[in-house]
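Hi everyone, thanks for coming along. Let me put the sequence and the structure up for you, and then we can walk through them together.

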Amino acid sequence: MNRVSKQSRLLTFCVDQQWLCLSVDQLSEVVTPQRRTPMPLAPVSVNGLINLRGKILTELDMRTTLSLKPRGPEDQNFRTIILETEEEGDYYGLTVDSVGEVINMDPEAFEKTPDSLSEHWRCISHGVLKQDKRILVLVDVEKVLTLSLSEVATA
Amino acid sequence: MDEELLSEFLTESNENLATIEEQLLDLEADPGNAGILDGIFRVIHTVKGSCGFIGLSRLEKVAHAGENLLGKVRSLKYEVDGDIISLLLESTDAIKELLAGIEENGSEPDLDHSSICTRLAAAERLIDGGGDSAAEAATDEVESEISLDWLTDMDEEIVGALKEASAVTPAVVLELGFEKLRAIPGLKPASALKVLGLASAAAKSETTSDEPAEKKKPVAKKAKEDVIEGKVVAESVDASEQKGSSKKPVTKDEANSESLPSVKPKENLPAQKAPAKKPKVEGSIRVDVSLLDELMNQVGELVLSRNRLLRLVEDETSVELVRTSRGISQITSRLQDKLLHTRMQPISTNWSTVPRLLRDICKQLGKKIRVDMQGQETELDRTILAAMKDPMTHIIRNSCDHGVESPEVRRERNKPEEGFISLKARQESGFIVIEIGDDGGGIDPARIKDKALRMDLITDEQYETMSDKAALQLIFHAGLSTVEKVSNLSGRGVGMDVVRTQIEKVGGTVEIDSQVGVGTTLLIRIPLTLAIIPAMIVECDKQRFAVPQMLVQELISIDSDSQNLEMLAGKPFYRLRGELLPMIGLDEVLKLREESEALSSVVVVNIGDRQYGIGVDKVLGAEEIVVKPLGKNFQHLDVYGGCSILGDGLVVPILDCNGLTRELRQSQEASPVSTGDDSTELATAQESQHILVFGVGEERFAIPMALVERIENLKCEEIEKSGDREVLQYRGEIIPVVRLSNVLGIKAAEAGATEKCLIISDQGRRISIQVDKIIDIVQQKLDIQLETGNAFYLGTAVIEGKSTEIIDIFEIIKTVAPNWFNDKRETGPSQSKHVLFVEDTIFFRNLVVPVLESMGFDVSTARNGVEAKNILEKLTPDLLLTDLEMPEMDGFELAEWVRTQPRLKEIPIVALSSLDPDEYKQRAESLGFTDRITKFDRKVLIEHLSKLLGKNSSTVDIVDAEVIATETTGG
């Protein structure tokens with residue numbers, strides 16, 4: 001997965017009212033809710049498998065990865081960010097609450113991750129971007145994957 | 001280095017080298033065969049030439065040395081021996097090593113093959129030396145002529161050192177190059193440099209006469225060519241200067257740069273271009289494997305679409321449409337079939353390395369083993385072939401190392417000195433079956449069992465009951481090895497667990513069969529992977545799963561009250577046509593539900609030679625599905641074997657039955673459940689007890705001695721009739737007599753002069769049980785296997801090696817004296833007290849509960865501490881009567897827990913156990929056990945219980961009771 005460069009354009013998205021972003025180079029598309037097949041015994045963050053035009057992807061839930069409370073019944077208009085992959089056969093989608101606009105990376109506004117964030121957030125964060133009205137957490141996609149897949153399902 | 005060029009070179013070289021081992025072995029068997037020799041020479045020559053072309057100097061050096069040797073052999077028509085073949089094999093290994101390194105990194109690995117090169121050169125000289133004497137003389141002559149001349153002002157020692165290393169002519173010195181010269185003991189770098197300089201000068205000054213001794217020999221032009229090439233190629237090449245005899249001042253270049261500057265590929269020796277032959281066009285084409293995989297995927301989808309089309313067309317009336325769709329269907333089938341074959345390769349691809357392997361091993365171990373192959377043309381999918389390579393090698397190594405005996409031992413055992421390994425492959429309805437066998441010493445199942453027992457892999461019981469075949473399968477458990485000494489070759493002699501894992505990874509199974517002294521065979525069964533497989537779609541907890549139909553044997557539907565559904569040690573089994581089928585619910589394995597639901601629909605799968613049942617909610621139907629791999633992150637979940645997309649677009653996981661039944665299988669192997677109609681539940685009595693074995697008619701029966709007060713030998717006359725019953729006058733009372741033969745419906749033996757009676761006493765009343773003969777009193781563990789049949793029997797046990805029925809004496813008594821238990825002689829407690837009785841063994845529960853009930857108690861039972869705890873949470877008994885040794889939670893733990901519950905603190909706890917009193921006295925005391933009674937002492941039990949429940953508070957009071965047997969014999 002590519003590193004975020006100074007020229008990157010970033011896709012913003014929201015999870016439990018916190019805004020995050022990731023480089024557009026790392027994603028291939030964003031899709032509306034897909035029918036998923038739950039996979040028993042898989043890590044908790046794995047919502048299940050989804051079929052995208054014949055390709056089978058593993059759907060991961062950002063809320064679960066970050067140990068946030070699950071989406072309520074009213075939040076069913078979520079989005080899944082389909083990640084760009086370097087490896088054949090390993091496809092992932094990241095489910096978030098909603099997706100915002102694409103912004104330009106502003107090195108001036110970039111700061112390293114504050115220590116006050118919880119463990120999970122610190123783990124997946126490259127750093128933060130300060131904007132007028134909000135602070136965006138710049139996401140390290142690889143770490144998200146690692147964190148999501150390492151949590152073993154509790155029986 | 002040009003990527004494409006390099007890649008071409010690698011593919012070509014690998015191809016060429018693929019067969020070279022075989023050819024070398026053929027040559028060994030037929031040393032005079034010029035054709036084979038030529039073939040081998042050409043391959044090495046090609047490699048060497050191409051190397052030069054590309055600038056792979058290390059590879060070139062090795063190839064060149066090999067080529068030289070081969071050239072010599074060929075020109076002298078030398079008949080090679082085992083040593084030379086070994087040397088050549090080593091050199092091809094080195095070449096392969098280098099090629100592998102190049103493939104991986106794009107450049108030559110930093111490996112030093114100077115040793116092999118030197119040895120090849122030495123061998124060459126040896127052969128040379130063995131040539132006709134004229135040549136020999138010539139060599140010496142030439143050598144002596146040259147040796148001192150050119151080495152002017154060099155020290156004696158240096159000359160000596162050079163002589164030692166056989167580097168006495170300028171040509172040889174030049175060939176060795178700076179590195180090797182420096183490596184010669186006695187030669188300092190400076191001296192080496194000097195020597196090189198001299199050599200070069202000497203070489204320059206002389207023209208053709210300078211050529212090394214070889215020239216003098218009857219060699220063809222080829223040799224000269226070799227030499228020229230050799231000189232030029234061995235050192236760095238300044239491409240432009242390429243005349244045959246010109247010797248450039250190579251030394252300086254050498255000295256400056258160890259690594260050879262890259263050769264400009266374009267400007268190259270015409271001589272070297274020639275050897276780079278293109279392989280003859282065979283009508284084949286190289287295709288990327290990923291392209292094939294993609295094709296497979298698409299064809300898979302095509303097949304599914306075709307299936308849907310066919311179904312839709314069924315209702316169509318248009319003839320044209322139907323015909324066309326049928327045409328498409330046929331074409332699709334053929335396409336699918338052919339495409340599958342593109343990925344298949346014959347198993348000989350794997351087996352071809354075996355002769356070489358055997359040869360090396362045999363040399364190393366000093367054994368003689370040959371290999372026999374059958375079914376080499378059997379085809380397997382590439383991925384499976386790749387996966388099988390390692391396990392196969394390991395198995396063969398094992399057979400050679402630990403299986404096949406040394407020639408001496410074999411002679412002793414009247415076996416032919418040469419052992420053999422047989423490789424067989426065949427296709428059997430959707431499976432490929434591979435057999436690897438040897439005619440070695442076999443594996444002793446007893447030794448394996450011993451080791452397993454020592455390692456706590458199996459219990460004593462399993463040790464006794466395990467069949468030989470099952471014992472052999474234990475060898476697949478990690479850590480088990482009956483080989484005492486570690487061998488270099490195959491490590492601890494096993495890694496069989498790894499072998500099995502590797503085989504199972506591709507969905508296969510492996511079994512071992514062996515006969516001591518005769519040999520061992522491994523049977524591997526692998527399903528043919530087809531990208532499209534027929535599967536059963538099942539539903540569990542509203543989720544769908546696919547089960548590959550290949551493994552499915554049948555579907556059964558079970559009623560919860562079915563007679564064939566049985567529980568063994570808490571696990572469900574189904575009696576399927578006489579065999580016991582272990583079952584597990586899918587909801588349990590996948591943890592779909594909190595509590596497993598009762599099994600109703602069961603899919604019976606075949607794994608290896610055994611069947612297992614997987615319980616599901618519903619079976620939805622059969623479908624053909626395209627198998628798609630699951631991502632890396634699912635690899636470790638062995639319950640899944642991929643996934644697929646069903647007609648409605650939803651993804652469905654494909655179950656891996658191997659993984660699903662893993663737990664079931666592990667316990668099965670260690671303790672094979674005895675199949676057949678007899679065994680159902682296994683209840684073990686932990687303690688050993690005195691058992692009275694007696695006979696009625698022809699049959700044997702047994703009863704715990706504890707229940708018998710006395711054995712009497714009465715005269716027939718003493719048994720009198722009273723009304724329609726028989727009675728006996730005994731110790732001042734009239735007691736009823738029960739003839740077991742009548743009760744059990746068995747033909748009694750001939751009445752003799754005396755009658756044998758067992759006097760059973762209870763609460764002051766007695767009864768006499770009449771039997772035909774007393775056989776024995778034994779002390780052993782009572783291991784009862786229960787049968788739900790005759791109410792008079794508690795079950796069957798093996799006593800002194802014979803199957804013996806254990807009588808339920810209370811049942812029998814009830815038939816003759818129904819009021820026996822109702823009539824309470826002793827004053828029992830007035831109001832109904834509640835006793836919670838905790839005991840894991842059915843036998844003892846049956847023994848004690850009636851007693852408790854006869855005392856007028858309300859009895860609740862629990863099978864272990866945990867169950868007791870559950871019951872105690874809901875209700876409060878008046879007394880807790882518990883066994884001490886129980887699974888899950890023993891008596892002590894239970895007592896401990898009880899004492900912490902405020903509501904239960906005051907309850908008297910009585911331990912009913914046959915454990916040694918002293919041992920547990922302390923512990924029992926501290927836990928607040930009120931009382932302790934031996935299991936069989938009913939009198940004492942009744943006494944104590946009545947005492948306790950008459951009391952208000954509990955006191956700490958340990959009572960040591962004796963086993964009643966001693967009392968009885970005491971009279």
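Find Asp617(B) and Arg593(B): their side chains meet in a salt bridge, with N and O 2.5 Å apart. By salt bridge I mean a side-chain nitrogen of Lys or Arg within 4 Å of a carboxyl oxygen of Asp or Glu. Side chains of opposite charge can pair when their charged atoms come close. This pair links distant parts of the chain, 24 residues apart. Asp617(B) sits in the loop between strand 15 (610-616) and strand 16 (618-626) of chain B, and Arg593(B) in the loop between helix 24 (586-589) and strand 14 (601-607). Helices (H or I, at least four residues) and strands (E, at least two) are DSSP runs, numbered from the N terminus.

Before going on, please remember that this is a predicted model: local features need pLDDT of at least 70, side-chain atom pairs count only at pLDDT 80 or more, and totals for chains, interfaces and linings use all residues. Residues are numbered from 1 along each chain as its sequence is written, chains are lettered from A and ligands numbered from 1 in the order in which they are written, and side-chain values use heavy atoms, leaving out hydrogens and water.

Now, is Arg593(B) buried or exposed? Its relative accessibility is 19%, so Arg593(B) counts as buried, while Asp617(B), at 25%, is partly exposed. Buried means under 20% relative accessible area, exposed over 50%, and partly exposed in between (1.4 Å probe, protein chains only).

Let's look at another pair. Arg356(B) forms a salt bridge with Glu21(B), and their closest N and O atoms are 2.6 Å apart. Here the partners are 335 residues apart, with Arg356(B) in helix 17 (residues 354-365) and Glu21(B) in helix 2 (residues 20-29) of chain B. Arg356(B) is buried at 8% relative accessible area, and Glu21(B) counts as buried too, at 12%. Over all chains, a search of the whole structure finds 37 salt bridges.

Next, a serine. Ser325(B) belongs to helix 15 (residues 319-342) of chain B. Its relative accessible area is 4%, so Ser325(B) is buried. Which residues does Ser325(B) contact, leaving aside its neighbours within four places in sequence? They are Leu309(B), Leu310(B) and Val313(B), where contact means heavy atoms within 4.5 Å.

For contrast, come to the surface. Ile285(B) is in the loop between helix 13 (270-273) and helix 14 (289-313) of chain B. With 72% relative accessibility, Ile285(B) counts as exposed.

Finally, where do the chains meet? 24 residues of chain B are in contact with 21 residues of chain A. The size of an interface is often given as the accessible area lost when the parts come together. Here the buried area is about 1800 Å², and carbon and sulfur atoms give 66% of it; that is the accessible area (1.4 Å probe) that two parts lose on being put together, summed over both. On the chain B side, Asn633(B), Phe634(B) and Val651(B) lose the most area to chain A, together 28% of what that side buries. And how many salt bridges does the rule find across this interface? Zero, between chain B and chain A.

To finish with chain B itself, 49% of its 971 residues count as buried, and its secondary structure comes to 34 helices and 34 strands.
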